[in-house]
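Me: I'd like to learn how to read a fold from the model itself. Could you walk me through one?

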Amino acid sequence: MASHVVKFIGLSDRDRKKVANLPKLAAGDRVELHVRRRDGNDQTLQLPPAAADAIEALIDRLSSGESVALLTEDQELSPTEASEILGISRPLVVLRMDCGDLPFRYVGKHRRASLNDVLALRSKLDLRQSALDALADDTEDLIDTHGL
């Protein structure tokens, strides 16, 4: 599958205030999307419950100030796109690929990693960072308590 550009979207403070007052969707509610075209025509689409859940999760994340990217589960990413998700530089992503931490394949001469593998590495890196933060807190506590 061809890779698509990873683009993170966020809301401005003004837009976040607008969506903050939206009511939560209750289970079983019917969700319709009303679109007004530039030519003035209106179109209404009924969304299935799974799509409504996804839209609600999207709005929750955006209203809390997070940036969001929409990707398909089987999507393949370039090292640059993977670096956006992992929060590390592109050369570090390539290093992770070369040492076997991030599985990849070549498409021509270009590297591609699956989104699932990138997210698995992100979880591993987040877990490692949490452990390092806890260790740093313990070290600071020992210094403060025992003067080490």
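Me: What pattern does the protein chain follow, read along the sequence?

Reply: A quick word on ground rules. This is a predicted model, where local features need pLDDT of at least 70 and side-chain atom pairs count only at pLDDT 80 or more, while totals for chains, interfaces and linings use all residues. Residues are numbered from 1 along each chain as its sequence is written, and side-chain values use heavy atoms, with hydrogens and water left out. Helices (H or I, at least four residues) and strands (E, at least two) are DSSP runs, numbered from the N terminus. On that basis the protein chain reads α-β-β-α-β-α-α-β-β-α, with 5 helices and 5 strands.

Me: How much of the protein chain counts as buried?

Reply: Buried means under 20% relative accessible area, exposed means over 50%, and partly exposed is in between (1.4 Å probe, protein chains only). Here 19% of the 148 residues count as buried.

Me: And what share of the contacts comes from residues 24 or more positions apart?

Reply: A contact means heavy atoms within 4.5 Å. Taking contacts with a separation of 6 or more, residues 24 or more positions apart account for 57% of them.

Me: On to strands. How do strand 1 and strand 2 run, and how many bridges join them?

Reply: Two strands pair if DSSP finds at least two bridges between them. Strand 1 (residues 31–36) and strand 2 (residues 42–47) run antiparallel, joined by 6 bridges. Glu 32 has Gln 46 as its bridge partner, and Leu 33 stands opposite Leu 45. The two strands form a hairpin with 5 residues between them, and in that turn Gly 40 has a positive phi of about 95°.

Me: Which way do side chains point in a regular strand?

Reply: They alternate between the two faces of the sheet.

Me: In what order do the strands of the open sheet come?

Reply: The open sheet has 3 strands in the order 3-5-4, with antiparallel pairing. Strand 3 (76–77) and strand 4 are the edge strands, each pairing on one side only. Between strand 3 and strand 5 (residues 110–114) there are 2 bridges, and Leu 77 has Ala 113 as its bridge partner. Over in strand 4 (residues 105–107) you'll find Val 107, which is partly exposed at 36% relative accessible area. Leaving aside neighbours within four places in sequence, Val 107 is in contact with Glu 76 and Arg 112.

Me: Now helices. Which residues of helix 2 are buried?

Reply: The general idea is that an α-helix has 3.6 residues a turn, so residues three or four places apart point the same way. In helix 2, the buried ones are Ala 52, Glu 56 and Leu 62. They sit on the same side of helix 2 because they cover an arc of only 130° around the axis, going by the directions from the helix axis to the C-beta atoms. Ala 50 and Asp 53, on the other side, are exposed. The buried residues pack against helix 1 (13–20) and strand 1.

Me: What span does helix 2 reach?

Reply: The expected span is 1.5 Å times one less than the number of residues. Helix 2 (residues 49–63) has 15 residues and reaches 21 Å from its first C-alpha to its last, close to the expected 21 Å. Just after helix 2 comes Gly 65, with a positive phi of about 95°.

Me: Which residues are buried in helix 5?

Reply: Those are Leu 115, Val 118, Leu 121 and Leu 125. What covers them includes strand 3, helix 3 (79–86), helix 4 (90–98) and strand 5. Helix 5 has 32 residues and reaches 46 Å, close to the expected 46 Å. Leu 119 also lies in helix 5 (residues 115–146), but counts as partly exposed at 38% relative accessibility.

Me: Last one: which residues form the aromatic pair?

Reply: Rings of Phe, Tyr and Trp (its six-membered ring) pair if their centres lie within 6.5 Å; planes under 30 degrees apart count as stacked, over 60 as edge-to-face and the rest as tilted. The structure holds 1 such pair: Phe 104 and Tyr 106, edge-to-face at 5.4 Å centre to centre and 80° between the planes.
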